[in-house]
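Please work through each task before you read its solution.

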Amino acid sequence: MENNRCWQLPATNHGISSALCIVSDVEHCSHQPGNPVARLQALLAGQSQPAVLESLFPEVRSLAYLSAGGRSPQRADWLAARVLVFALKHLELASQELALMDAVNLRLQQLSRKLALDCPLLRSFALFCGARPWRTHGHGEQLLSLATSPVVQSLALRRQLAAHLARLQQALAQLA
């Protein structure tokens, strides 16, 4: 696996590669007291990457629980679900999370079998220092421009990923 901090990849047939900040509000906010809106605003202050809200992509929660197989989803389950929903090819991980790369790819293989879909594995990761609760940074082929708010950004990305999300929803419906 490569470990390349700069993700400026050449344009592909599907659009220009871009970085994405996924606010993990489903994984973290539901367990935290206080004002999640204030925490979200503080988190996104000065954000230069497009930021989307995980809560507007319910497929993430469904896939995290499917990945967990009846237990409470762990970090690798949530990350695998995000990789699949947002069609990420790369993740940014903390230095203490390196072991997660293999765990996420294992979860993606398991989801691929369960859903009878081709779930590409992560190709690489980048390291950062410190903690980043509430957010995941990834890289995929989405072509995004910075929107005025995470809600607007999320709705635009949902429209862009509509065909991909429909395939995921169909595969999930077949399991029910």
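An angle between axes under 35 degrees counts as roughly parallel, over 145 as roughly antiparallel, 65 to 115 as roughly perpendicular and the rest as oblique. This is a predicted model, in which local features need pLDDT of at least 70 and side-chain atom pairs count only at pLDDT 80 or more, while totals for chains, interfaces and linings use all residues. Residues are numbered from 1 along each chain as its sequence is written, and side-chain values use heavy atoms, with hydrogens and water left out.

**Exercise 1.** Describe how H3 and H4 pack, and name the class of their angle.

Helices (H or I, at least four residues) and strands (E, at least two) are DSSP runs, numbered from the N terminus. Axes are lines fitted to C-alpha atoms, for helices over the stretch in contact, and angles run from 0 to 180 degrees between N-to-C directions. With their axes 8 Å apart, H3 and H4 pack at an angle of about 130°, and they are therefore oblique to each other. By class, the contact of H3 with H4 has nine nonpolar, one polar and four charged residues, where Ala, Val, Leu, Ile, Met, Phe, Trp, Tyr, Cys and Pro count as nonpolar, Asp, Glu, Lys and Arg as charged, and the others, Gly among them, as polar.

**Exercise 2.** Work out how H5 is placed against H4 and against H3.

Begin with helix H4 (residues 75-85) and helix H5 (residues 100-115), whose axes come within 8 Å and cross at roughly 60°. That makes H4 oblique to H5. The residues of this contact include Leu79 and Val83 of H4, together with Val104 and Leu108 of H5, and they divide into 11 nonpolar, no polar and three charged.

Turn next to helix H3 (residues 59-68), which packs with H5 at an angle of about 100°, the axes being 10 Å apart. That makes H3 roughly perpendicular to H5. Here Leu63, Leu66 and Ser67 in H3 meet Arg107, Leu111, Lys114 and Leu115 in H5, and the contact has four nonpolar, one polar and two charged residues.

**Exercise 3.** Find which residues lie nearest the centre of the largest pocket, and which helix supplies the largest share of its lining.

The largest pocket is lined by 21 residues, and Ala87, Pro120, Glu141, His164 and Arg167 are those nearest its centre. The largest share of the lining, three residues, comes from H7. Across the lining, 12 residues are nonpolar, four polar and five charged.

Key. Contact means heavy atoms within 4.5 Å. On a 1 Å grid over the protein atoms alone, a cavity is a set of points where a 1.4 Å probe fits but cannot get out, and a pocket is an open set with protein on both sides within 12 Å along at least five of seven lines; lining residues have an atom within 4 Å of a point.
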